Amino acid sequence: VLEERVYHLDDAPETPEPYYQPTGKELQPRPVGEENGIIVYNYNPTSAVHYVNDDDNESESKVTSPTPPLEVMTSLAEEAHQQTVALEALKGLLRRFRVREVPIVRGPPKPRPPKPLLLPPVLRPEESEYDSAAYSYEEMNDTAEIVVRDHQQHQQQPAAPRCWMAVKVKQQLQQQQQQQHHHERVHRSSSSSNSSIDGCSDDESDSEGEQTQTLGRDSEQPEATTSHSAQQQQQQQHRSTVGGSKAQPAAHPTPLDPDDLVFESRFESGNLGRAIKITPTYYELYLRPDMYTNRHTQWFYFQVKNTKAKVVYRFSIINLTKPDSLYKEGMRPLMYSTTDAECNQVGWRRCGDNIAYFRNEDSSNGYNYSHYHHRPADDDEEEYIGTSSFTLSFNIEFRYDGDTVYFAHSYPYTYSDLQDYLMCIQRNPVKSKFCKLRLLCRSLAGNNVYYLTVTAPTTHEDDNQKKKKAVIITARVHPGESPSSWMMKGLMDFITGDSYVAKKLRHKFIFKLVPMLNPDGVIVGNTRSSLTGRDLNRQYRTVIRETYPSIWNTKAMIRRLMEDCGVAMYCDMHAHSRKHNVFIYGCENLKRHPDRRLLEQVFPLMLHKNVADKNCKFKVQKNKEGTGRIVVWVLGVTNSYTLEASFGGSTMGGRAGTHFSTADYEHIGRAYCETLMDYYDDNPIKVNYYIKRIRKIRRREKRLRKALRRQQQESFWWLNES
């Protein structure tokens with residue numbers, strides 16, 4: 001809502017920041033609520049997108065002033081340039097025909113003509129190479145993409161509901177294609193298909209494994225708003241607003257005392273729903289759930305003003321949802337001081353003392369906070385237990401009086417940050433020779449979803465050789481997982497650099513990079529969902545083009561690349577809130593592709609030597625069938641991975657018990673490229689060596705499992721005998 005953009009200094013600490021060491025005596029204040037405090041901040045938006053008519057552009061408020069379309073800005077820039085050229089030509093003509101002998105009578109100085117309007121640089125991506133309508137719904141949502149299982153596994157976990165869902169979606173789409181009005185048909189299909197998909201369960205709570213359950217009435221609202229309004233009105237405003245209001249909404253309902261902290265989150269990617277002052281130094285905070293849902297509260301990013309130095313404050317974030325969190329194991333929140341940044345060039349730093357993460361009671365002092373956090377009774381995910389919520393509570397002491405401080409769950413990386421970065425690549429005369437920025441699609445809110453093609457220009461020698469294969473890397477499908485954007489930034493820095501490995505990779509592969517799959521969710525500060533209220537990483541298998549445009553177009557791009565040149569590797573970057581270190585999820589080829597057995601485990605093992613890599617898993621779970629990793633694997637890409645980096649840090653080696661910084665996340669992206677070079681070396685000796693290592697590791701694990709089973713049997717026999 002706020003027009004002013006928030007900038008942060010990109011600075012990483014010189015030494016790794018240690019975890020907080022819990023003592024077991026941390027304070028655990030129970031929620032008391034607004035009945036026993038004063039609401040000092042309240043912001044609960046009901047709508048995420050503001051559509052403005054063309055006739056209303058002149059009357060638009062300064063607070064929500066629309067960004068001119070690309071065509072308008074381009075024409076204005078060209079007109080300004082033409083005016084400048086004409087003015088210079090006129091000056092030259094006057095100097096040429098000036099009579100030198102006649103003295104010039106100098107009068108009072110005349111005012112200079114106004115300078116032409118200099119508009120800020122604008123990203124100008126080219127149109128996509130891939131036609132989103134080239135594939136029909138039947139081709140994109142092929143029921144053959146269901147994971148193949150043996151007979152016993154089918155008996156244990158029948159896949160009938162999933163198959164019935166896919167057939168039902170297919171039948172609905174066939175019926176809708178016969179109708180006359182295309183736009184009305186698409187709108188009905190999006191709502192009906194979403195209702196059928198809701199029956200799918202998901203009991204895994206890692207970053208790629210949580211299934212968003214849409215809640216009836218709320219789920220229909222964004223689709224009706226976006227699809228219907230977009231047909232009649234031109235999208236001008238791509239920021240969060242309250243109900244399409246043109247005026248800045250009030251977020252401070254009560255007058256503040258001179259010593260009160262001033263909270264704010266109405267900026268890009270910000271998330272704070274309510275702040276309640278319990279005492280002058282104790283505040284209860286409530287996060288906003290994802291837009292058009294009443295769940296997913298993990299990402300927080302807010303501003304605090306009017307600080308007092310040498311005063312210990314305590315913040316309690318009341319309505320978190322995960323029973324297991326790295327905050328239990330010493331992870332600390334992030335703080336950014338603008339005064340420290342201006343005076344000492346210090347960026348984001350870990351903060352907090354006396355940190356506690358604990359489960360709330362169902363009710364406390366009669367206060368009901370279900371308005372902020374409520375889950376259906378039939379929700380069987382292990383991440384959500386009953387109707388419980390959880391609190392993160394910590395002490396904070398500010399260094400400066402009157403400072404402006406920001407707090408965040410992880411290092412923010414906004415949509416505007418991405419645009420600035422892509423602008424630097426586009427304007428670089430060297431990188432622009434082998435980098436091509438294109439528009440993959442537009443999101444529901446009208447924001448551009450970019451993809452970057454990085455490859456060396458094709459020469460005559462390359463034409464005689466076999467075609468380059470593609471490497472597809474995506475990130476930020478979950479808005480609250482900002483470390484994935486920092487990993488993608490490190491990867492893009494490396495692959496567009498001038499190192500020997502980067503040049504070799506550009507000659508060997510065609511890189512297709514989608515740095516932000518969910519820009520709408522990033523802008524409004526969601527944790528997991530898009531503006532449909534759904535988890536986009538569950539929509540790859542039965543995707544609908546108009547409802548999930550970024551997923552549809554990404555899948556269409558992958559299918560076209562597989563037909564044209566082949567896909568060497570696919571990787572989707574994520575962040576994990578419950579596990580430490582860096583690790584990979586892959587897909588086991590034992591049953592589906594026996595000839596490629598263990599091959600999917602080679603790349604993760606090779607990555608282990610470049611970054612702290614642990615807890616890799618390769619099981620194909622039923623509740624993950626809609627993820628990009630499994631769908632791309634079923635399409636035929638053996639090396640299809642999800643790369644996970646912890647929100648916290650590492651527990652291995654010399655980095656044990658320390659947090660990851662932005663430099664660490666960027667290093668992971670660079671290490672990925674270096675490992676890719678080793679994996680696709682022309683000499684297969686490295687791959688063969690790692691396959692032998694994996695076989696030894698698996699045999700040792702098998703022996704350990706047998707020994708453990710034998711020990712359990714012996715102990716059981718001994719107990720029976722005794």
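Me: Buried, partly exposed or exposed: what do these words mean here?
Reply: Buried means under 20% relative accessible area. Exposed means over 50%, and partly exposed is in between. Keep in mind that this is a predicted model.

Me: Is Lys277 buried or exposed?
Reply: Lys277 has a relative accessible area of 9%, so Lys277 is buried.

Me: Which residue forms a salt bridge with Lys277?
Reply: Start with the general idea. Side chains of opposite charge can pair when their charged atoms come close. Here the partner is Asp257, and the closest N and O atoms are 3.2 Å apart. Asp257 counts as partly exposed because its relative accessibility is 44%.

Me: Which parts does the pair of Lys277 and Asp257 tie together?
Reply: Lys277 lies in strand E4, residues 274-279. Asp257 lies in the loop between helix H6 (217-232) and strand E3 (262-264). The pair therefore ties together parts that are 20 residues apart in sequence.

Me: How many salt bridges does the count come to?
Reply: The count comes to 19 salt bridges.

Me: What about Asp535 and Arg528: how far apart are the closest N and O atoms?
Reply: They are 3.2 Å apart, in a salt bridge. Asp535 and Arg528 are both buried.

Me: And which residue forms a salt bridge with Glu546?
Reply: Arg545 does, with the closest N and O atoms 3.3 Å apart. Arg545 is buried, at a relative accessible area of 18%. Glu546 counts as partly exposed, at 27% relative accessibility.

Me: Which residues are linked in a network of salt bridges?
Reply: Glu126, Glu129, Lys436, Arg438 and Lys512 are linked in this way.

Notes
Residues are numbered from 1 along each chain as its sequence is written. This is a predicted model: local features need pLDDT of at least 70, side-chain atom pairs count only at pLDDT 80 or more; totals for chains, interfaces and linings use all residues. Side-chain values use heavy atoms; hydrogens and water are left out. A salt bridge is a side-chain nitrogen of Lys or Arg within 4 Å of a carboxyl oxygen of Asp or Glu. Helices (H or I, at least four residues) and strands (E, at least two) are DSSP runs, numbered from the N terminus. Buried means under 20% relative accessible area, exposed over 50%, partly exposed in between (1.4 Å probe, protein chains only).
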